[in-house]
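This briefing concerns a predicted model.

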Protein chains: 2
Amino acid sequence: MQPEQQFQQLKERLGEVADLTYSAALLDWDQQTYMPPGGAANRGHQLATIQQIAHNKFVSEEIGQLLEDLQPYASQHDPDSFEARLVKVTRRRYEKETRVTAEWVAESALATTAAHEAWAKARAENNFAHFQPHLERNLELAHQYAEFFAPYQNAYDPLLDIFEPGMLTSDVKAIFAALRPQQVELIRQIAAQPQVEDGFMHLAYDEQKQWDLGEEIITKMGFDWQRSRQDKTLHPFTSSFGWGDVRITTRVYAKHMSSALFGTLHEAGHGMYSMGGDASLDRTPLFGGASSGLHESQSRMWENLVGRSYPFWQHFYPHLQQVFPSQLGNVSLEAFYKGINKVEASLIRVEADEATYNLHIMLRMELEMALMENQLKVSDLPDAWNERFREYLGITPPNDSDGVLQDVHWSAGLIGYFPSYALGNLIGAQLWERLHADIPDLPEQIRRGEFSAWLGWLREKVHRHGAMFEPQELIQRVTGTKIDPAPYVRYLRQKYGAIYNL
Amino acid sequence: MQPEQQFQQLKERLGEVADLTYSAALLDWDQQTYMPPGGAANRGHQLATIQQIAHNKFVSEEIGQLLEDLQPYASQHDPDSFEARLVKVTRRRYEKETRVTAEWVAESALATTAAHEAWAKARAENNFAHFQPHLERNLELAHQYAEFFAPYQNAYDPLLDIFEPGMLTSDVKAIFAALRPQQVELIRQIAAQPQVEDGFMHLAYDEQKQWDLGEEIITKMGFDWQRSRQDKTLHPFTSSFGWGDVRITTRVYAKHMSSALFGTLHEAGHGMYSMGGDASLDRTPLFGGASSGLHESQSRMWENLVGRSYPFWQHFYPHLQQVFPSQLGNVSLEAFYKGINKVEASLIRVEADEATYNLHIMLRMELEMALMENQLKVSDLPDAWNERFREYLGITPPNDSDGVLQDVHWSAGLIGYFPSYALGNLIGAQLWERLHADIPDLPEQIRRGEFSAWLGWLREKVHRHGAMFEPQELIQRVTGTKIDPAPYVRYLRQKYGAIYNL
């Protein structure tokens, strides 16, 4: 067979694997949106069967042989070409996935489906004990997964590599070690200043109007509804079933207006990243994004760097006041801007402000590492959570539902994911500095409600490449340096310096 | 391996096939409920890949060998046992599916996904030409399918057998030949009488209230929401992803109150049949129902035999009047009952009354047969539809959207399905006569809003068996005779005799 034909064949085989993983993603989306309770047991079987088939198809000898045979073909192409990158990225994934057994994949699917139901129930009933055996099972599976990659520097490395290809636990620890004292110092300074007022954010806001407003705003920002939709879930997420179907979810609380508004912006950021990939990447391992951290950089850019910026609300605030006149009619733009940027130790990660957010992440990452290094038992996790929460944020969670049970990740087996959120903040700020250098009137454009130059820049520099580059490589290409906490710290100091008169 | 182990292995293999077919059903459900337009192309790939894998897994040598080896095991069991029936029914399906190529399965999935989108657009825009090439393709695939089963008595036989296992086109023709003159005569007699009034059904009814009312009524009838949900679609349908997750859809028109109300009852009837199967049948070919005709007997029993009966509204009408006082406050129960049973030639099958309904079916079946026998071209179908419509129902469809484009079936490749609707009417009436013999105070129970004895009888006699018996066999067991049009004609004559003073 000619290399061209082999390359086509590789694409076809990878296309079938993508059909299966997209289908599994839909089964998961449905489980979190519309599935009646009775469907849970079978959903586990369905996910297990499909993920096992996808895994077996991907690690097949046929794909291995094609990847081997296509090495010369790939080297003849520009290293940045679709052809070279598809072979390279697929080969790396192939080498990883061939270490994982099909049994592990199927057991993991069954376990996480059961764990998700148990977590939802445990959270609703504030009963960690109901979730505990499921988390123990998920942790056992995470250990088994790590062992597929022994020897390793750190048992956490193989998990981290799922979400941040090419990064090591030691890299992330070094970044966080540099960041942490600076964030802590900033929070200390802020705490010494008079607090800003945000009571108006907790009045009763009509839930349907909140929903509509979020959709209106992201529509103006360029969100493509032909290829998306938004639904309600317990925990917001973005899911994609291919280039043409990338869906977001949100949750709405009457007395917590930030939740739906910034949650919608956040998920829309994820959605735009996936939808911004070149269509040719669809149904290949290059579709999606470079890493979870890159993904979070996009979601948190929409949510915070833009969505909590002054120019953004110079544009949207008059409309917001029109929609909610009784709640916001007497709140000035300045007061609103300060209110949505209030810094305060709080319970819930997804609703934490930008200054304290990373502490929520460090806490989770440290607990995950302790669990993976067998220094902490799952049964002791709620206490360990509460202790560390007091230490970092000075408050004690009043219950497990708003504490250790708040996030969906561990139920989904996503141990190793949390660092991506903090890395995303850093990457976002790096891109943001570069964006301002390339588009000097960016704040002015945002003030006018013009998002096309900004979105165009992101598409060109980041989105269209999908997973062609590893995260550090992509960031280096775009910004000239690897992941660096300095721009984020500069950003926080500048923003909160103004708000809190530091 | 011991036969017991082999039987377990067969169940495991069939379970994986079921996981795939249930997943494909979810992909299809999602396409019709929530999928954004951009998802269509990939959805076709996903369905094609999954259906092809399901097909290949089912026709595998392993399953063939297990079925062969398990023949003695099956004969040692009671012929009506789960073990004997699972081997028997699976073997019949295996023998059929091994004739169908994997390519056909994949091509059919791709074609019907594209056809569904095209049909929806064609219908919305009243443009048959947009749908025509897709229907031609689906018909070509139907011909190819029939050829897998050559030689046959009639090219329509292999299609019919998909939906009514064991029945031949000649059987169905004989039943319809006996039925048709009697239905035509009844309609003639009715047309000679003064018409009843149903203008009140076409006032403006709040859509949300219609929706809620339908759900309230089926809840009282015993519908299990733990294992179901209802959503909106262009064309109502029922879909199941296993015993614990059987979903229905409906559509709501403000000025056509019957549509949502009786549509919900209809689909709930399908849903209750699937949910009423013994849980042990789940993830095997025995789950679901004996045939499409049996399924329609259940849906149309809920919709018509109960839902359009006088005792039913003796119970529910006061509540209906409370919900819609301005529309129904001055309409007596008698007038309402007559209105919902008005007999009148009309355009839309799913909204046709019980007396004219079967003519809609005969028309479709005859056109399908003409297409399959190459006596009619797809391009001539709209004219043929309109001519026959005039001939049978005395009216000319004003446009194709309300004519030849009204049903989803042909877009989904479901050629050969329509006879099941008419057979369902006949089977429903047969079961209904037997039900009244076994539960003499059934009308009194319904009048009191008690549905448990009725539902219990159906579960015991019909539902719990799933697909263990072929349709004619099951009906014979329950009623003592095979499919027989006489009870349906008796039912119609009695009901309409009273309403129209015949």
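A:S240 stands opposite A:V246 in strand β3 of chain A. That pairing belongs to the antiparallel arrangement of strand β2 (residues 238-240) of chain A with β3(A), which are joined by 3 bridges.

**Strand pairing around β3(A)**
- The hairpin of β2(A) and β3(A) has 5 residues between its strands, and A:G242 takes a positive phi near 120° there.
- Strand β1 (residues 230-232) of chain A also pairs with β3(A), in the parallel sense and over 3 bridges.
- Within β3(A), A:I248 is the bridge partner of A:Q230.

**Burial of β3(A)**
- Strand β3(A) spans residues 246-250 and is mostly covered, with 5 of its 5 residues buried.
- A:V246, A:I248 and A:T250 point one way from β3(A), whereas A:R247 and A:T249 point the other way.
- In a regular strand, side chains alternate between the two faces of the sheet.
- The residues pointing in either direction from β3(A) are all buried.

**Nonpolar core**
- The largest nonpolar core holds 329 residues, of which A:W313, A:F336, A:W454, B:W313 and B:W454 touch the most other members.
- Leaving aside neighbours within four places in sequence, A:F336 is in contact with A:F200, A:M201, A:M257, A:W313, A:Y317, A:L320, A:L328 and A:V331.

**Helix α1 of chain B**
- Helix α1(B) covers residues 3-33, and its 31 residues reach 44 Å from the first C-alpha to the last, close to the 45 Å expected at 1.5 Å a residue.
- Of the 31 residues in α1(B), 23 are buried, so the helix is mostly covered.

Methods: Residues are numbered from 1 along each chain as its sequence is written. Chains are lettered from A and ligands numbered from 1 in the order in which they are written. This is a predicted model: local features need pLDDT of at least 70, side-chain atom pairs count only at pLDDT 80 or more; totals for chains, interfaces and linings use all residues. Side-chain values use heavy atoms; hydrogens and water are left out. A nonpolar core is a set of buried Ala, Val, Leu, Ile, Met, Phe, Trp, Tyr and Cys residues joined through side-chain atoms within 4.5 Å. Buried means under 20% relative accessible area, exposed over 50%, partly exposed in between (1.4 Å probe, protein chains only). Contact means heavy atoms within 4.5 Å. Helices (H or I, at least four residues) and strands (E, at least two) are DSSP runs, numbered from the N terminus. The expected span of a helix is 1.5 Å times one less than its number of residues. Two strands pair if DSSP finds at least two bridges between them.
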